[in-house]
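Hi everyone, thanks for making time.

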Amino acid sequence: MLSALLMSTLAMSPDALADGRRVELVDDGPTLMHDKREYRTLMTPGVMLATPGVKVRMQRLVTDNVSVMVGGGIGGGGISSCDCAGLSWARWQAVGGIDVHPIGNGFHGPYLGPRVLYRHGDARFGLFGADAETARDLLAVRGIVGYRWVFDPGLSVAIGVGGSHRQSLRTYTVDGEQTGATVANLVVPAAEFNLSWAF
């Protein structure tokens, strides 16, 4: 009887050991979860869909409740039908942010935080010696609330939703002379789905 009571008490303790690993109580009281604080870095690779390219994001825990994220991407391409006509495009981007992890179990669990994204893209078209170019600069400030699962030995899945304020400037140039420009300010929904590797 005393042995059973002792085992029950240890099983509900935040410092109890299960299969050699520490467990903690999380937001759902009756649920016990493995301690994920050993994973301090998160790497998220990806592809740029609008312009074929690659991107990567690195995130590092500075405390059990706060992480800092930086990333970037680059892409481009082109086509040419003959020596007199061609189309090329390129894009690069940089992103940074801070996430707050309320339950303090490393990357695992709910998270929220701001994101700042800067992106530059341009497209060039040439035809019989005449060149036209359009370029776009975008600055977006996002707020995201989401949930991330971290599975041993490090696979991570995250889903988040929020909003984004986007400011963009698009310019138009023909033969080196700017012919026009448009400015846009939008508030739009934002979402993210990430497959990452934690280590």
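I'll talk about the strands, then the core, then the surface.

A quick word on the source: this is a predicted model, where local features need pLDDT of at least 70, side-chain atom pairs count only at pLDDT 80 or more, and totals for chains, interfaces and linings use all residues. Residues are numbered from 1 along each chain as its sequence is written, and side-chain values use heavy atoms, with hydrogens and water left out.

Strands here are DSSP E runs of at least two residues, numbered from the N terminus, and two of them pair if DSSP finds at least two bridges between them. Strand β8 (residues 109-127) runs antiparallel to β7 (residues 85-100), with 14 bridges joining them; W92 has H120 as its bridge partner.

In the loop between β9 and β10 (155-174) sits P153, and the peptide bond from D152 to P153 is cis, with omega near 10 degrees.

Now, which residues make up the largest nonpolar core? Six do: Y39, L42, L61, F107, V150 and A198. Core members are buried (under 20% relative accessible area, 1.4 Å probe, protein chains only) and joined through side-chain atoms within 4.5 Å.

Finally, W149 belongs to strand β9. Is W149 buried or partly exposed? Because its relative accessibility is 33%, W149 counts as partly exposed, a class that lies between 20% and 50%.

Key: Helices (H or I, at least four residues) and strands (E, at least two) are DSSP runs, numbered from the N terminus.
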